[in-house]
Amino acid sequence: MSRLDSFIRRMEAQRACLDAAATLITEEAVAGPVLELGLGNGRTYDHLRERLPDREIFVFERKVAAHPDCVPDDAHLFLGAIDETLPQAERRLGRSAALAHSDLGTGDAAANAVLARLIGPALARLVRPGGVIVSDQALDVAGWSDLPLPAGVRPGRYHLYRAV
Amino acid sequence: MADASLTTQRDPLAAWRKLDAVSRMIARLTSQKAALTAAAERLVGIDGMVLEVGLGKGRTWDLLGHLLPERRRLALDREVHAPAALRPAADQLMLGELSELLPRLARDMPGQVALAHVDCGGEGRAADAAFDAWLPAALHPLLAAGAVVAQDRPRGHPRWRALPAPAGMTVFPYYLYRKDAT
C-alpha cells in the first residue's frame, strides 16, 4: 500500500473514531470538556471544535506549529512536555473530561510504549466515568472497557475506550 | 449596468472550504489518488517518465512509484520536506526554482515525460495567477505525444485536451489533461 493510501486510511479512521466518541458523549449527555493531546497541525482540533461547538477543548502541545486558525487561546493551551502538563491539568480540571483524544505516537515503538504508560494512568485521572478516550496508541488501563470501532476501521489502527 | 456574472464567479473550492481540516485533508488526498490512478491507466502505449512537480511530503511520489513501478520518476521542488523514507534518490530529484528547472529540462529531455503531476497549491496557498498562466507553456515541451497532466488547479494549454473527472473525485477538484497525440 502506498503512503498516500495508508495516510488516507489513518485519517479516515481518526475521523470515524472521533465522530463516534463525539456522538456517544452527546447522546449520553456526558458533561465536561474535551482534551486534545498533541495539537500537531491542528487538524483534529479543528474537527473536534466543529463537531462539539459547545464544549471547552483543552490542548496539550510541546511546541505549537499549527496554522494560527487552528490554535486555541492561552487559557485552553497546556504548553510544554506532556509529563509536566498532564499533572498541571489534573490539578486544574480534576477528573472532569468527557472526551480525550491522544495522537502523540511517532514511528518509534519503544518511545510509544513509554508514552502509553504515561498517558493511560494520567487520562484515568482526567476523564470522568462514562467518558470516552480515543487514542492512536493502545492504552492498558484497569477498569476501562474497549468500545467497538466504527465500521471500516481496522482493529489496532486506532483505539476507543470507555472510562468507568 | 455591471454584469453580475463577473462578480459571482464560482469558486471551485467553495464546498471544500466549508469542511473541517481533517475532512479537507481526506478530500484532497482522495482526489489526488483518484486522479493519479486514472492518469496512470491512460498511459498504455505512451513511453516516457513520470514528473512530479512539487514533491511536498512525498505521499503522491510514493503512490506514483506503486502505480508505475517500471517508469523512471523525477521530482522537482524548492526544498525537501518529505520524510527520509519517501525522499527520492539523488538522481530522481532536482531542487531549485521551477522557472529555472523546467526550461532546463525542456532543453535536456524534450518530449520524454508521459505523466506530469503538478501539485504546487498545497492547502493554504492562494491561487497564483501568474504561475498558473506560465506553467503550461513551460511544461508543454517536456511532454511526450499523448502525455497526461494531472493538476491541483485548472491550468490549460491550447494543445492539451481536458479529460473527464475520474471516478472517486471528492469536493476537492483535480484536473486531468492529455497532450495532443500529434
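Mentor: Let us begin with a single residue. This is a predicted model, and in it Thr60(B) touches Leu4(A), Gln32(B), Leu36(B), Glu52(B) and His117(B), leaving aside residues up to four places away in sequence.

Trainee: Where is Thr60(B) found, and is Thr60(B) buried or exposed?

Mentor: Thr60(B) is found in helix α4 of chain B, residues 59–67. Its relative accessibility is 5%, so Thr60(B) counts as buried, the limit for that class being under 20%.

Trainee: One of those contacts, Leu4(A), belongs to the other chain. How many residues of chain A and of chain B are in contact?

Mentor: Contact is made by 15 residues of chain A and 20 residues of chain B. Arg3(A), Leu4(A) and Arg43(A) supply 36% of the area that chain A buries against chain B, more than any other three residues. The area buried between the two chains is about 1,600 Å², and carbon and sulfur atoms give 67% of that area.

Trainee: How many salt bridges does the rule find across this interface, and which residues form a salt bridge there?

Mentor: The general idea is that side chains of opposite charge can pair when their charged atoms come close. Here the rule finds 1 salt bridge across the interface of chain A and chain B. Lys33(B) pairs with Asp5(A), and their closest N and O atoms are 2.3 Å apart. The count of residue pairs in polar contact between the chains is 5.

Trainee: Which elements give two or more residues to the side of chain A that touches chain B?

Mentor: They are α1 (3–27) and α2 (43–51) of chain A. The largest share, 8 residues, comes from α1(A). By class, this side of chain A has 5 nonpolar, 3 polar and 7 charged residues.

Trainee: What do the buried residues of α2(A) pack against?

Mentor: Those buried residues are Arg43(A), Thr44(A), Tyr45(A), Asp46(A), His47(A) and Leu48(A). They pack against α1, β1 (34–37), β2 (57–61) and β4 (97–102) of chain A, together with α3 (21–41) of chain B.

Trainee: Asp46(A) carries a charge group of its own class there. Which side chain meets that of Asp46(A) in a salt bridge?

Mentor: The partner is Arg49(A), at 2.9 Å from N to O. Both residues lie in helix α2 of chain A, 3 residues apart, about one turn of the helix. Asp46(A) counts as buried at 8% relative accessibility, whereas Arg49(A) is partly exposed at 30%.

Trainee: Finally, how many disulfides does a search of the whole structure find?

Mentor: A disulfide is a covalent bond between the sulfur atoms of two cysteines. The search finds 0 disulfides over all chains. As for individual cysteines, Cys70(A) is buried at 7% relative accessible area, while Cys120(B) is partly exposed at 21%.

Key. Residues numbered from 1 in each chain as written. Chains lettered and ligands numbered in written order. Predicted model: local features only at pLDDT ≥ 70, side-chain atom pairs only at ≥ 80, totals over all residues. Heavy atoms only, no water. Disulfide = S-S within 2.5 Å. Buried < 20%, exposed > 50% of the residue type's maximum accessible area, 1.4 Å probe, protein only. Contact = heavy atoms within 4.5 Å. Buried area = accessible area lost by both parts, 1.4 Å probe. Salt bridge = Lys/Arg side-chain N within 4 Å of Asp/Glu carboxyl O. Polar contact = N/O pair within 3.5 Å; in protein donor to acceptor, adjacent residues only side chain to side chain. Helix = DSSP H or I, 4+ residues; strand = E, 2+ residues; numbered from the N terminus. Nonpolar A, V, L, I, M, F, W, Y, C, P; charged D, E, K, R; others polar.
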